[in-house]
Amino acid sequence: MAGRLAASAAGMLPDRHPTADFFVCDILDALPKDDMASMEHPVFSLGTRPDLRILRYAHNGVEITVTPSVKGLATLFDKDILIYCISQLMAALNAGRQVSRQVSLRAHDLLVATNRETSGDSYRRLREAFERLAGTRITTNLTTGGIEATTGFGLIDSWQILRHTKGGRMVQVTVTLSDWLYRAVLSKSVLTLSRDYFRLRKPLERRIYELARKHCGKQPDWRVSIATLHLKSGSASPLRVFRQMLREMIATDHLPDYALAEEPGDLLRVTRRGAVLEPGEGPALRPATLDRARALRPGADVHALVADWQAVWARTGRQRLRSPDAAFLGWLARNG
């Protein structure tokens with residue numbers, strides 16, 4: 001009997017769901033989301049080479065110290081991983097699904113969603129990004145989810161590669177987000193980014209876009225002194241160099257959603273290019289229409305599809321719709 005029990009145990013089926021306690025990232029086309037605290041304050045290095053500085057920032061009562069590991073500070077490009085996780089969690093919350101601070105994702109999906117190449121070198125750089133995110137330590141009194149506490153934490157608590165291909169590429173990764181970041185998600189202290197954010201090549205362009213999105217939002221414009229912007233950006237460049245880089249950005253004029261202009265008094269004016277819709281601004285749709293959209297686009301983030309349609313509606317004059325539900329489903333069929 002003992003032998004048969006041992007044989008039975010040896011012949012047990014493998015555990016096919018080792019990440020059962022994790023939230024699985026499986027929503028296609030989730031809208032990019034960023035947490036408002038790190039959009040407001042400089043937490044990430046704008047460098048592209050290993051940055052071993054200790055960053056200190058103080059402004060309007062907020063104090064932040066960012067300490068690197070031997071791998072260097074987490075960079076603004078490393079932040080793509082967090083944006084991807086936040087986007088997936090918010091899409092799931094909007095769909096009424098259960099979420100977790102522990103996230104399971106496919107590396108290929110992350111690379112595609114953040115507009116990166118899927119070469120072997122990209123997987124290597126992704127692993128280095130996980131190492132910097134886990135190693136970078138933050139001490140701050142930032143408020144997230146309505147709670148202010150002086151605390152220290154990593155940008156992520158841990159990460160693990162579950163599987164590699166024969167060629168060495170990571171396939172599936174698990175990430176445990178910091179409690180600080182997870183609180184921001186649960187309290188919906190996030191903002192939607194343009195999908196073109198991931199097309200911006202320079203870290204400073206991405207940082208200025210973040211600040212424009214946070215401060216200008218749906219207002220017609222936002223003015224800020226270049227000295228204050230220099231502080232909030234986290235740029236390590238001297239002010240005169242920073243000012244010149246801003247002028248180059250003004251000349252190229254390819255920031256998504258916002259245009260930049262220099263004004264007398266050493267000010268920068270940020271102007272909204274077009275409608276930046278906030279939640280609840282566009283035409284409302286019935287729950288049955290969202291269910292129909294889910295049936296038409298299995299696995300897609302329906303709220304992202306609605307946002308794309310509402311953006312088209314806003315750009316084309318915000319015309320009055322007799323039946324927003326029919327208009328949305330028609331648009332969905334035409335853009336299938």
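Trainee: What is the relative accessible area of Leu-321?

Mentor: The model is a predicted one, and Leu-321 is found there in the loop between α11 (302–315) and α12. Buried would require under 20% and exposed over 50%, so Leu-321, which counts as partly exposed, falls between these limits with a relative accessible area of 24%.

Trainee: How far apart in space are Leu-321 and Pro-283, C-alpha to C-alpha?

Mentor: In sequence, Leu-321 and Pro-283 are 38 residues apart. In space, the distance between the C-alpha atoms of Leu-321 and Pro-283 is 8.2 Å.

Trainee: How are the rings of Phe-328 and Trp-331 arranged as a pair?

Mentor: The structure holds seven aromatic pairs. In the pair of Phe-328 and Trp-331, the ring centres are 6.3 Å apart, and the planes meet at 20 degrees. Centres within 6.5 Å make a pair and planes under 30 degrees apart count as stacked, so the arrangement of Phe-328 and Trp-331 is stacked.

Trainee: By about how much of the helix are Phe-328 and Trp-331 separated?

Mentor: Both residues belong to helix α12 (residues 324–334), and both count as buried, Phe-328 at 0% relative accessibility and Trp-331 at 14%. Because Phe-328 and Trp-331 are three residues apart in this helix, the separation is about one helical turn.

Trainee: Which residue lies over the face of Tyr-197?

Mentor: Tyr-197 forms one aromatic cluster with Phe-198, Tyr-209 and Tyr-258. Over the face of Tyr-197, at 4.9 Å from the ring centre, lies Arg-206.

Trainee: How far from the sulfur of Cys-25 is the nearest cysteine sulfur?

Mentor: A search of the whole structure finds zero disulfides. Cys-25 is in no disulfide, and at 6% relative accessibility Cys-25 counts as buried. A disulfide would need the two sulfur atoms within 2.5 Å, whereas the nearest cysteine sulfur to Cys-25, that of Cys-85, is at a distance of 5.3 Å.

Trainee: Which elements give two or more residues to the lining of the largest cavity?

Mentor: The count comes to one cavity of 30 Å³ or more, and about 50 Å³ of space lies in the largest cavity. Its lining includes Met-249, Asp-253, Tyr-258 and Arg-273, and by class it has six nonpolar, two polar and three charged residues. The elements that give two or more residues to this lining are α9 (239–252) and β14 (258–263).

Trainee: Which helix gives the largest share of the lining of the second largest pocket?

Mentor: The second largest pocket has a volume of about 640 Å³ and is lined by 27 residues, of which Phe-77, Asp-80, Arg-116, Arg-125 and Arg-206 lie nearest its centre. By class, this lining has seven nonpolar, six polar and 14 charged residues. Six residues, the largest share of the lining, come from helix α5 (residues 120–135).

Trainee: Near what value is phi of Asp-253?

Mentor: The place of Asp-253 is in the loop between α9 and β14, where the residue counts as partly exposed at 39% relative accessibility. Its phi is positive, in a residue other than glycine, and lies near 50 degrees.

Trainee: Which residue takes a positive phi just after α6?

Mentor: Helix α6 spans residues 179–186, and its buried residues are Trp-180, Leu-181, Tyr-182, Ala-184 and Val-185. Just after α6, a positive phi of about 60 degrees is taken by Lys-188.

Technical notes:
Residues numbered from 1 in each chain as written. Predicted model: local features only at pLDDT ≥ 70, side-chain atom pairs only at ≥ 80, totals over all residues. Heavy atoms only, no water. Phe/Tyr/Trp six-rings, centres within 6.5 Å; stacked < 30°, edge-to-face > 60°. Helix = DSSP H or I, 4+ residues; strand = E, 2+ residues; numbered from the N terminus. Buried < 20%, exposed > 50% of the residue type's maximum accessible area, 1.4 Å probe, protein only. Lys NZ or Arg CZ within 6 Å of the ring centre and 35° of its normal. 1 Å grid on protein atoms, 1.4 Å probe; cavity = no way out; pocket = protein on both sides within 12 Å on 5 of 7 lines; lining within 4 Å. Points joined across faces, edges and corners; volume = space filled by probe spheres on them. Nonpolar A, V, L, I, M, F, W, Y, C, P; charged D, E, K, R; others polar.
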